[in-house]
Amino acid sequence: MKKIKIIGAGLAGSEAALQLADAGWKVSLFEMRPHQTTPAHETGKFAEVVCSNSFKSKLITTSSGLLKEEMKLLGCKLLPIAEKCSVPAGNALAVDRGKFSELVTDIISKHPNIKIIREEVTELDDELTIVATGPLTSAKLTKNLIELIGEEQLYFFDAIAPIMDVESLDYDVVYRKTRYDKGEADYLNCPFTKEEYYEFVEALDAGEKHEAHEFEAEFFADIKFRFYENCTPIEELARRGKDTLRFGVMRPVGLEIPGTDKRPYAVIQLRAENNENTSYNLVGCQTMLKYGEQQRIFRLIPGLQNAEFLRFGSIHRNTYLNGPHILNPDLSLKAKPNIFIAGQLAGVEGYVESILGGMLVARNVSKLGLGNERDLFRIPHLCETGVSQDNCVPKEGFGNEKDATEFRNERKYIELDCHIERSRNMQSFPINLSFDSAQDDINLLPETTISGQLWRHLIIPTENFQPMNANFGLLPSFEKKIRDKKLKKQMLAERSLEDLKKFNQSLK
Ligand SMILES: Cc1cc2nc3c(=O)[nH]c(=O)nc-3n(C[C@H](O)[C@H](O)[C@H](O)COP(=O)(O)OP(=O)(O)OC[C@H]3O[C@@H](n4cnc5c(N)ncnc54)[C@H](O)[C@@H]3O)c2cc1C
């Protein structure tokens with residue numbers, strides 16, 4: 001029987017445990033609570049929702065609603081339990097948090113394939129393991145992770161700037177340009193007059209902020225490490241002096257309005273969030289302002305008066321890995337491929353997204369050793385040419401069909417050996433799939449789905465990796481521009497669910 005260790009019985013760990021246990025795996029589930037707790041959890045129960053009790057909208061015309069519908073199609077275990085524990089919340093799925101974690105704990109505790117071990121794991125060993133220890137991973141395990149992957153690949157908090165829907169910007173005002181016209185004109189620029197600038201700075205300074213959690217206040221007060229200055233909230237910079245921003249992140253030099261030599265008084269730049277250029281983030285605008293205040297104040301930016309927010313900014317304590325640099329496409333660590341990372345630690349953000357993380361990893365793990373591991377690991381290193389394995393032939397070619405058959409058989413053995421080594425964790429196992437070679441080699445979910453795009457977000461290198469939650473900006477647009485926003489969301493949702501059903505069919 002296949003065995004696996006899962007560390008962390010939060011949302012991702014509980015989902016992964018139930019997925020794998022139902023698939024016949026023997027799961028050892030480690031949870032450090034209640035003996036040792038995190039600064040946010042209050043009970044010793046599994047899948048505890050630590051703050052809001054909402055899993056957000058149920059409507060498929062919202063990104064979160066669509067994600068949940070996709071996850072149901074993929075066979076999510078926790079969402080049906082959440083539905084059983086739901087409380088009235090209009091179009092949202094909100095849960096009675098006590099009942100929810102009680103029921104999850106009960107189901108897991110009674111599962112014949114799950115053994116619960118109530119202890120903190122401080123070191124990762126050579127067993128097949130899923131790490132789902134979340135944004136508040138214990139200090140000792142964090143230290144061990146740093147030893148494995150390097151300090152620069154692990155972050156301790158999010159500093160997120162708002163993300164806008166590109167179609168909601170006013171292009172009579174906003175212009176495309178890179179500073180001093182160096183390289184491609186990748187940035188969108190919002191030019192301020194003097195009056196507009198000071199109005200914006202005053203609004204930032206006076207804006208109402210989120211209170212940090214108690215444990216975070218302590219954390220932020222003590223923060224001295226390298227990312228701090230880059231992550232200073234924009235409202236804090238505004239507070240330092242009325243001209244601080246225009247000599248810093250809002251400096252206008254080299255950003256003269258095209259076709260004129262007119263330099264704005266200040267400029268806010270927007271940078272693309274995805275390859276499809278459907279969503280843009282406000283450069284340097286990480287913020288702790290309340291969401292309503294963000295909407296009001298950032299809409300003062302010239303050209304953004306009707307901007308639609310795909311995600312609001314935030315700054316909070318969050319341990320997460322630089323996924324695209326250190327994860328294989330199946331979400332295992334390149335440095336130690338017997339270790340899979342699930343949930344918020346991998347770089348998703350949010351309750352439902354973390355559950356998705358548990359599902360994705362369980363899905364990948366469950367294929368190991370069940371005879372179809374090649375779906376996941378085509379092991380391109382066997383072909384030194386780097387071509388896909390099916391096209392791989394010996395240098396000298398095949399003499400006849402018998403040679404060809406032998407060659408294929410031989411290869412099967414090598415694969416099997418590799419698989420066995422992988423299960424045993426041979427640290428040097430050279431799974432070094434570049435994304436290009438891996439893309440065809442693993443069953444990534446369709447790119448028209450939010451779940452597929454969140455998975456890609458964790459493995460496709462980006463300049464500035466940040467945790468991501470469900471949003472429509474992740475999805476490729478239609479060739480023809482659809483002006484009616486409601487209709488567009490409906491069409492995006494229908495396309496996603498249809499593609500996912502086809503994808504599910506194709507696997508049968
Ligand atoms: C304070 C706070 C508030 C949040 N509020 C919201 C919100 O309102 N809405 C939202 O959508 N998202 C919110 N999030 C973000 C996120 O969705 C949740 O943190 C979510 O629970 C993450 O799921 P997870 O499974 O990755 O981690 P968790 O649910 O945190 O589970 C991790 C588990 O691992 C255990 N663990 C940690 N280290 C070890 C170890 N070494 N050995 C054994 N066990 C260990 C922990 O005790 C915990 O049970 C919030 C996050 C925080 C920190």
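This is a predicted model: local features need pLDDT of at least 70, side-chain atom pairs count only at pLDDT 80 or more; totals for chains, interfaces and linings use all residues.
I take a helix to be a DSSP run of H or I with at least four residues, numbered from the N terminus.

**Entry 1: the ligand shell**

I looked up which helix gives the most to the shell around the ligand, and the answer is α1, with 3 residues. Two helices, α1 (11-22) and α11 (351-366), each supply at least two residues of that shell. I found 34 residues around the ligand, of which G8, G10, C51, G134 and G343 come nearest. By class, I noted 16 nonpolar, 15 polar and 3 charged residues in the shell.

**Entry 2: β1 and β2**

Next I went to the start of the chain. Strand β1 (residues 3-7) has 4 of its 5 residues buried, so I noted the strand as mostly covered. I saw that β1 pairs with β2 (residues 26-30) in the parallel sense, over 5 bridges. In that pairing, I6 stands opposite L29 of β2.

R33 and P34 are joined by a cis peptide bond, with omega about 0°. I placed P34 in the loop between β2 and β3.

**Entry 3: the three-stranded sheet**

In what order do the 3 strands of this open sheet lie? I read the order as β3-β5-β4, with antiparallel pairing. Each of β3 (54-57) and β4 (86-87) has a single partner strand and stands at an edge, so one side of each is left without a neighbour in the sheet.

I then went through the pairs. β3 and β5 pair over 2 bridges in the antiparallel sense, and A92 in β5 is the bridge partner of S57.

β4 and β5 make a hairpin with 4 residues between them, and G90 in the turn has a positive phi of about 60°.

**Entry 4: F100**

I found F100 in helix α4 (residues 97-110). Is F100 buried or exposed? I counted 26 other C-beta atoms within 10 Å of F100, and the cut-off for buried is 20 or more, so F100 is buried. The C-alpha atoms of F100 and C85 are separated by 5.6 Å, although the two residues are 15 apart along the chain.

**Entry 5: the six-stranded sheet**

I traced a second open sheet, with 6 strands in the order β10-β11-β12-β13-β9-β14 and antiparallel pairing. Its edge strands are β10 (175-176) and β14 (309-311), each pairing on one side only. Inside the sheet, I looked at β12 (residues 266-272) and β13 (residues 279-282), which run antiparallel and are joined by 3 bridges. R271 stands opposite N281 of β13. As a reminder to myself, strands of a sheet pair through backbone hydrogen bonds, either parallel or antiparallel.

**Entry 6: two positive phi values**

I searched for positive phi in residues other than glycine, and I noted Y180, with phi near 55°, and L331, with phi near 75°. Y180 is in the loop between β10 and β11 (187-192), while L331 lies in the loop between α10 (323-326) and β16 (339-341).

I then checked their surroundings. Y180 has 10 C-beta neighbours inside 10 Å and counts as exposed. L331 has 24 other C-beta atoms within 10 Å and is buried.

**Entry 7: helices**

How do α2 and α11 cross? I found that the axes of α2 (residues 63-73) and α11 come within 10 Å and cross at roughly 25°. That makes α2 roughly parallel to α11, because angles under 35 degrees count as such. I noted the crossing of α2 and α11 as left-handed.

For α14 (residues 450-459), I found 10 of the 10 residues buried, so the helix is largely enclosed by the rest of the structure. Among them are W455, R456 and H457.

Last, I looked at K485 in helix α15 (residues 485-507). With 14 other C-beta atoms within 10 Å, K485 is partly exposed. I noted 9.6 Å between the C-alpha atoms of K485 and E167, which are 318 residues apart along the chain.

Technical notes. Residues are numbered from 1 along each chain as its sequence is written. A residue is near a molecule or strand if its C-beta atom, placed from the backbone, lies within 6 Å of it. Ala, Val, Leu, Ile, Met, Phe, Trp, Tyr, Cys and Pro count as nonpolar, Asp, Glu, Lys and Arg as charged, and the others, Gly among them, as polar. Two strands pair if DSSP finds at least two bridges between them. A residue is buried if 20 or more other C-beta atoms lie within 10 Å of its own, exposed if 12 or fewer, and partly exposed in between; C-beta atoms are placed from the backbone. Axes are lines fitted to C-alpha atoms, for helices over the stretch in contact, and angles run from 0 to 180 degrees between N-to-C directions. Angles under 35 degrees count as roughly parallel, over 145 as roughly antiparallel, 65 to 115 as roughly perpendicular and the rest as oblique. A crossing is left-handed if the near helix is turned anticlockwise from the far one by less than a right angle, and right-handed if clockwise.
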